[in-house]
Amino acid sequence: MASRLQIPADDSVLLRVTHSNIKSFSADVRFSLQTTVESAKEKLWRKCGTSVESMKLDLYDDTGAKVCEMDDNLRPLGFYSPQDGYRVHIIDLDPASVTSGGWLEDTSLVEKYSISDEAYNKRDGTFRKFKEKLATQSPSVLENKTSDNYMDDLSSRIKVGDRCEIEPGAKRGVVKFVGRAETVAPGFWVGVEYDEPLGKHDGMVKGKRYFECRPLHGALLRPDKVKVGDYPERDPFDEDEI
C-alpha cells in the first residue's frame with residue numbers, strides 16, 4: 001500500500017470549518033494537502049481569531065463521524081486523509097480567548113460609550129457644532145439632500161452573489177445585498193461579506209438587518225466602491241505551497 005505521506009504536489013481539498021465558541025461561524029476553505037497543520041492553523045487564525053497556540057483541530061467525515069485529531073503541527077494535512085466535504089472543527093482551548101463568552105456574536109455584551117447632551121454641547125469641534133455653523137453660513141448646502149436614486153445606475157450592474165473587491169483597500173468578499181438602506185442615508189447601497197473579519201457588523205446596521213453574514217465580516221458601501229468580477233478568495237499560503 002502507498003504511504004499516507006505520498007501526496008500529489010498539486011492536490012488540494014475543500015473543507016467546511018466550524019468553531020467551538022462561535023456558533024455562527026462556518027466557512028468553506030480550500031487547503032493544499034502539502035500544507036502543514038501549523039500553517040493551516042495560521043490561515044484559520046486570520047478567519048476566526050483563535051490563536052495558533054490555543055487551537056485544536058478535529059476532523060469529521062461527511063456523515064458527521066469524527067475521523068481523528070489533527071494534533072501534529074509538523075505533519076501535512078494529507079497525512080490525515082481529509083476529503084472534499086469533510087469538516088474541520090476548531091476547538092479554542094484558551095478560556096480567556098477573544099472568541100469565548102459570546103463577545104463576537106452578542107453585541108449586547110459590549111459596554112457602550114455614552115455622553116449626555118449637556119456634556120456633548122460643551123465640546124468644541126463636534127459634528128453638531130459644524131452643522132450649526134454650516135447652517136448659519138450657507139443654509140442651502142443642508143437643503144441639497146441626496147436623491148433617493150443616488151447611484152442607482154451603478155448598483156444596477158451589481159447583483160447578490162457576485163464576487164467583489166473593495167476600493168480603497170483591495171478587500172475581497174461576496175455581495176449580499178443591493179438596494180436602499182433607509183436607516184443609513186438616501187440612495188443605493190451594497191452589502192458585502194468580506195472573506196476575512198475586516199468588517200464592522202454581521203449585516204445589521206442601525207437596528208435593521210439588511211443581510212446575513214458572519215460577525216465582523218459585514219460592510220455597507222456605496223456602489224462606486226465595489227468592483228465585481230473574478231476575485232477569488234486570497235490564500236496567504238499559496239506562495240509557500242509546492
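Predicted model: local features only at pLDDT ≥ 70, side-chain atom pairs only at ≥ 80, totals over all residues.
The protein chain folds into five helices and 12 strands, both taken as DSSP runs (helices H or I with at least four residues, strands E with at least two) and numbered from the N terminus. Residues are numbered from 1 along each chain as its sequence is written, and side-chain values use heavy atoms, with hydrogens and water left out.

On confidence, pLDDT (the predictor's score for each residue, from 0 to 100) averages 83 over the protein chain, with 81% of residues at 70 or more. Residues 1–9 stay under 50, and the model gives them 15 contacts beyond four places in sequence, a contact being heavy atoms within 4.5 Å. Residues 139–143 also sit below 50, with five contacts beyond near neighbours in sequence.

Of the contacts with a separation of 6 or more, 55% link residues 24 or more positions apart.

Five strands make up an open, antiparallel sheet in the order β11-β8-β7-β6-β12; pairing takes at least two DSSP bridges between two strands. β11 (218–221) and β12 (226–228) are the edges, each with a single partner strand, so one side of each lacks a neighbour in the sheet. β6 (residues 163–166) runs antiparallel to β12 and is joined to it by three bridges, with Cys164 opposite Val228 in β12.
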